[in-house]
Amino acid sequence: MEVATHRASDRTALHRPGFWQAGVLLSALVLALPVFTVFSFIFVPAGEVWSHLAETVLADYLSNSALLVLGVAFGVLLLGIPTAWVIAVYDFPGRRFFEWSLLLPLAIPAYIIAYTYTGLLDFAGPLQTGLRDSFGLEGGDYYFPEVRSLGGAVIMLSLVLYPYVFMLARSSFLGQSSSTLEAGRALGAGPLRVFLSIALPLARPAIVTGLSLALMETLADYGTVQYFGISTFTTGIFRTWFGLNDSAAAAQLAALLMSFVFILILLEHYSRRRQRFYQTGGRHRHPVHHPLRGWQRYAAFTICVIPLLFGFLVPAGQLLVWALSIAEEAIDMSFLQLAGNSLLLASAAALFTLMLALFLGYGQRLHPSKPVAIAVRFSAMGYAIPGTVIAVGVMLPFAWFDNTLDEWMRGTFDLSTGLLLSGTVFALLFSYAVRFLAVSLQSVESGLSKITPNMDDAARSLGLAPGKVLRRIHLPMMRGALLTAMLLVFVDVLKELPATLILRPFNFNTLAVRAYELASDERLADSSTAALSIVVVGIVPVILLSRAIRRSGETHE
Amino acid sequence: MRKASLSIISLLAALVAATSFSGTALAAEEVNLYSARKEALIKPLLDHFSAQTGIQVNLVTGKADALLKRLQLEGRNSPADLLITTDAGRLYRAKSAGVTQSTSSIKLMDTIPAAYRDPEGHWFGLSLRARPIIYVKGKVSANELSTYEALADPKWAKKICIRSSGNIYNQSLVASMLSHDGKEKTQHWADGLVKNLARKPKGGDRDQIKAAAAGQCDIAIANTYYLGKMIKGKDPSQQTAADKVAIFWPNQSDRGAHVNISGVMLTKAAKNRANAIRLMEFLVTPESQSWYAEANYEYPVREGIEWSDLLKQWGSFKADRLNLAKLGQHNAAAVRIMDRAGWK
Amino acid sequence: MNRLMALKDVRIAYDDTEVVNGVTYDLQAGEIGCLLGPSGCGKTTLLRAIAGFEPIRAGSIDLKQSAVSRPGKTLAPEQRHIGMVFQDFALFPHLNVADNIGFGIADRPGKERRKRIDSLLQLVELPDAGSLFPHQLSGGQQQRIALARALAPEPSLLLLDEPFSSMDVDLRENLAREVREILKREGTTALLVTHDQHEAFAMADRIAVIQSGLIQQWDTAFNLYHTPANRFVAGFIGQGALLPVVRDNRGRLISELGPIPVVGTEASQTGNMEILLRPDDVVRQSGGVSTEVVGKAFRGADILYRLRLQSGAEILYITHGRDNFPLGESLSVGLDLDHTVLFPVAESV
């Protein structure tokens with residue numbers, strides 16, 4: 001007994017709260033460095049450009065970005081929630097298949113889906129040409145919705161981003177105590193009211209998390225809106241930076257964008273400050289999936305097949321057709337090299353980001369404090385920032401560090417250290433971590449929130465230091481959440497382009513770089529081979545992801 | 001946990017191996033290149049160079065502005081010896097950012113016409129990219145067309161397709177008009193052109209040609225090499241579209257058709273200066289010069305180079321001899337004009 | 001009497017295993033019934049079938065003389081006008097107490113609804129809890145809110161699924177009695193499911209003991225204890241021991257503790273039998289049968305002893321907490337029977 005007390009106090013000495021708190025704060029600040037770098041430009045005067053922007057394009061940027069965000073919010077909720085609900089609650093033909101296949105659009109980069117639909121539906125595309133030929137029409141004789149429009153961009157982005165909402169909503173629905181839902185039925189509420197006034201509000205934190213991921217990605221999107229010719233905040237940042245050659249004003253636009261995001265996040269937190277969403281698990285979980293009959297089966301099937309069809313089958317099919325019939329790029333040995341690079345980079349980034357997210361999430365749980373919470377929120381904001389801006393935000397402090405050190409070493413020891421960080425794989429991994437921390441962090445945090453604080457206390461009272469509590473209690477319990485975090489980042493990095501393009505070392509190409517080079521040279525058909533490879537490499541983790549979610553859902557029972 | 005750390009270590013090791021075995025390991029004879037020309041449009045030449053000289057060329061491709069930013073931030077420690085861009089605006093921008101140095105290679109000076117190189121020797125053009133008017137055969141006859149300026153005439157209302165003003169080739173085109181016509185006239189022209197657009201600007205240059213061929217507009221403005229790639233590509237629908245249009249070289253009776261260049265510059269931080277200059281010189285040898293036309297339907301910057309059949313077919317033309325540094329100087333002003341005109 | 005609920009030969013199965021094997025049971029208006037049985041006996045499944053959450057495979061369930069469940073046809077739970085209190089209370093965590101209670105009466109006009117919520121809060125003695133959220137309440141308070149919520153729409157039948165199982169043992173019986181009072185005051189018909197006989201005794205008018213998906217006995221608490229229908233009920237309810245009895249040549253039943261007075265039908269039973277002896281059937285008797293104390297459990301007001309007879313058979317004996325005998329002490333005991341409960345012994349196994 002005495003020995004045990006002794007050991008426990010030894011450990012406390014080693015693991016003072018200060019260690020975690022300082023460590024977490026420091027890591028969060030380092031990760032927030034690019035964001036802070038962008039924000040620091042607020043203090044650079046750029047007055048005259050602003051009056052030009054305000055007079056001409058700013059209103060457009062604002063209204064288009066706002067409409068885009070609203071539209072995508074509507075779209076991803078519309079596609080993500082009903083699918084999640086029917087799959088979590090009902091049984092119908094194809095449910096098991098949809099469970100994982102509805103995640104597939106995640107593997108398709110947004111700009112690629114935009115290219116494929118343009119190819120199909122544009123005025124000069126096969127559909128409209130076919131219509132004109134068979135009915136003898138001329139352009140202007142008939143109405144056909146324009147793909148390359150704001151509405152088109154909303155649909156494209158919704159089709160590839162709804163899986164975030166779907167995934168998080170589904171696991172939330174699966175985790176809901178069945179007796180809570182049954183209590184609603186017993187009180188006279190029909191299935192629809194139970195869904196609307198119990199299941200949906202209970203799943204709200206998860207849905208909002210999924211929605212915020214989708215919307216942050218929407219705000220960061222450059223490829224799609226640029227191709228569709230829509231002026232948004234993001235295209236405005238690039239135009240101001242490269243076209244008007246004013247990087248300060250561009251950074252200020254980016255900072256403004258981030259401020260909006262930050263305010264939205266704060267508002268959401270504030271709105272549910274009094275509610276708590278723990279649930280005691282109900283015991284009666286069988287049958288989890290109520291079988292549907294008759295027309296309801298077809299309705300459920302249709303709800304699920306639409307996003308899959310338009311979010312994956314049509315664009316992947318178009319890519320396949322291009323790759324087989326037109327592409328001049330054949331799959332050869334260089335493709336293996338590209339795929340290898342992509343895989344390596346994505347895996348390393350996924351692991352690295354997970355470790356960081358785990359450290360931050362865990363430290364925050366251990367010693368919750370305002371400064372830590374704010375720093376962590378800041379470091380996770382990279383997801384809403386266009387990759388190019390992040391990349392510059394990473395390059396700036398890294399190059400400053402390299403050159404300052406080099407200067408000092410030259411001065412003191414007459415020795416040049418050159419570039420230690422800039423242009424290395426580490427810089428690339430770091431920028432991925434900054435960009436995708438939000439994705440990883442939300443999985444880790446939701447995993448941690450399912451473990452009651454009593455379990456921590458129990459483990460601590462049994463003599464485990466915090467680090468060991470993490471390793472022996474939390475990690476095994478959060479396996480599903482951690483896998484989700486890793487695989488999401490993996491798929492994101494696989495698709496990521498702008499940061500990869502700027503920061504990569506010499507002679508280092510990836511599938512996304514190859515696809516982009518051909519597509520930006522307007523060789524869409526040729527880029528299909530590389531784009532298709534991204535999809536193929538991305539499918540495997542998407543399937544794994546779905547299994548991980550299912551398994552972690554089962555451990556609740 | 002231990003397994004995870006092991007796997008992350010082995011992954012990182014693999015990454016380091018993947019990125020370094022082809023790079024610095026052979027540090028003896030090499031040259032490092034940041035290129036805004038796509039890999040497919042430069043790598044074959046570089047491979048040829050390496051085979052001839054035994055000098056290894058290390059390559060990073062990317063967007064010109066991003067590469068320039070990287071070069072700037074890396075400062076004197078930058079590994080890059082050369083920077084290649086695909087438009088004059090960025091050549092100018094790089095020079096004014098102070099990250100380049102001049103060379104006085106006789107070979108370069110002698111082979112490249114003065115308009116297509118920096119007077120102070122900071123940048124040298126490699127290939128020309130012409131941006132003429134492309135019209136639909138049968139709908140428009142060549143004698144209805146004359147100059148870029150005339151496209152603002154109300155008779156072309158709802159008849160013109162052009163991509164967005166975010167594109168550098170449009171920015172350069174407007175910048176060239178600014179230098180020739182002045183601010184007021186150019187603004188007036190841009191306002192008129194925007195009124196004549198058949199649709200909101202969207203897509204790339206090929207999309208403008210395709211839209212014209214499909215009947216959405218009568219006139220498109222696009223770089224010629226996109227048309228070349230449509231003609232020579234494997235997609236039959238694009239070939240048909242390309243067959244329906246023809247090239248009109250505007251402003252032949254005055255300054256000439258608007259051209260842009262892709263060019264190369266030696267960086268201030270260059271550590272392999274001699275090798276870098278050898279590569280620059282290699283890129284303007286007659287053999288390399290005709291490759292641009294073969295591979296990408298661009299025009300050689302050097303005179304007296306045999307054109308490919310397709311280029312011959314499009315006919316010879318008078319190119320604008322405006323010193324291309326002007327395009328860079330006027331770029332920001334051009335963007336403002338387009339902003340004001342409501343050119344999306 | 002007015003029959004409110006009737007189950008007739010109800011069978012329920014998951015896949016191919018029958019969980020409820022033909023239950024017939026009914027409940028009068030205003031009555032509080034109970035399904036009592038060990039876990040896994042099918043009682044909860046039956047309750048969920050009555051609520052409409054499980055379809056039945058055979059038989060019928062009627063509420064207020066109208067069919068609600070038939071094989072292949074299940075009226076949706078929300079259309080049955082029943083109330084249900086769940087084991088985990090299942091309060092809606094995103095709604096405050098008032099909104100939880102008001103959930104089932106959302107169609108009533110605002111003023112009336114508020115009045116009903118207030119009166120229910122009074123009824124469960126938490127008049128000021130309306131604006132609190134469930135996580136701010138103690139377990140007992142949550143339980144009462146769950147009850148108030150279920151009562152709000154004035155259900156024709158209230159179902160309670162192990163409603164006290166997460167309570168402290170001391171609280172359970174008190175709460176059960178309180179709930180009974182509330183239900184009686186409201187005139188609510190209710191059906192309770194539990195595995196705890198004390199809960200059942202404290203709350204229910206009549207209790208059905210269930211085992212293996214079948215009702216073993218359906219009776220008052222007193223009768224279940226004193227005249228159990230079979231060995232299972234005898235063993236499950238209360239404590240006791242079984243002692244072999246033999247019939248002598250005069251037809252009298254004789255046990256190791258002496259002759260058994262026979263009442264009613266038991267007289268005609270033949271073959272080997274055992275008699276159920278509750279602890280209170282055994283009394284100290286000078287000149288009785290000598291036994292040895294082999295076990296004792298001190299329970300405050302009384303002490304429960306385990307006594308060994310000469311044959312090695314053991315019986316239970318309960319006495320005053322002050323009668324403290326050490327282990328090994330010899331006690332002389334006899335029988336004092338009000339009811340004779342005999343079970344035939346199965347032929348040699």
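**Confidence of the prediction**

The complex receives an ipTM of 0.81 and a pTM of 0.82 from the predictor. Chain B has a mean pLDDT of 89, with 92% of its residues reaching 70 or more. Within chain B, residues 21–26 have a pLDDT below 50, and this stretch makes seven contacts in the model beyond near neighbours in sequence. Where pLDDT is low, the predicted coordinates should not be read in detail. For chain C the mean pLDDT is 87, and 96% of the residues reach 70 or more.

**Contact between chains A and B**

On the chain A side, 57 residues are in contact with 61 residues of chain B. Several helices of chain A each supply at least two residues to this side, including helix H3 (47–56), helix H12 (233–243), helix H15 (333–366) and helix H20 (466–477). Helix H11 (223–228) and helix H22 (498–503) of chain A are also among them. The greatest contribution comes from H17(A), with eight residues. Sorted by class, the side of chain A that touches chain B comprises 26 nonpolar, 19 polar and twelve charged residues.

**The largest nonpolar core**

The largest nonpolar core holds 387 residues. Among the residues with the most contacts inside this core are Val165(A), Ala349(A) and Ala433(A) from chain A, together with Leu82(B), Ile209(B), Ala212(B) and Ala220(B) from chain B. Helix H8 of chain A, residues 150–175, gives the most to the core, namely 17 residues.

**Sheets and strand pairs of chain C**

One open sheet of chain C contains five strands in the order E14-E13-E12-E15-E20, with antiparallel pairing. Strand E14 (258–260) and strand E20 (342–344) of chain C each have a single partner strand, so one side of each lacks a neighbour in the sheet. From one strand to the next, the twist averages 40°.

A further open sheet of chain C is built from four strands in the order E18-E17-E16-E19, and the pairing is again antiparallel. Its edges are strand E18 (314–320) and strand E19 (330–335) of chain C, each of which pairs on one side only. Here the twist averages 55° from one strand to the next.

| Strand pair (chain C) | Residues | Bridges |
|---|---|---|
| E1 and E2 | 3–14 and 17–28 | nine bridges |
| E12 and E15 | 241–247 and 273–277 | five bridges |
| E16 and E17 | 282–298 and 302–308 | six bridges |

Individual bridge partners can be located in each pair. Arg11(C) has Asn21(C) in E2(C) as its bridge partner. Val245(C) is partnered by Met273(C) in E15(C), and Val293(C) by Leu307(C) in E17(C).

The hairpin of E1(C) and E2(C) has two residues between its strands, and in this hairpin Asp15(C) adopts a positive phi near 50°.

Technical notes:
Residues are numbered from 1 along each chain as its sequence is written. Chains are lettered from A and ligands numbered from 1 in the order in which they are written. This is a predicted model: local features need pLDDT of at least 70, side-chain atom pairs count only at pLDDT 80 or more; totals for chains, interfaces and linings use all residues. pLDDT is the predictor's confidence in each residue, from 0 to 100. Two strands pair if DSSP finds at least two bridges between them. Axes are lines fitted to C-alpha atoms, for helices over the stretch in contact, and angles run from 0 to 180 degrees between N-to-C directions. Two residues are in contact if their C-beta atoms, placed from the backbone, lie within 7 Å. Ala, Val, Leu, Ile, Met, Phe, Trp, Tyr, Cys and Pro count as nonpolar, Asp, Glu, Lys and Arg as charged, and the others, Gly among them, as polar. A nonpolar core is a set of buried Ala, Val, Leu, Ile, Met, Phe, Trp, Tyr and Cys residues joined through C-beta atoms within 7 Å. A residue is buried if 20 or more other C-beta atoms lie within 10 Å of its own, exposed if 12 or fewer, and partly exposed in between; C-beta atoms are placed from the backbone.
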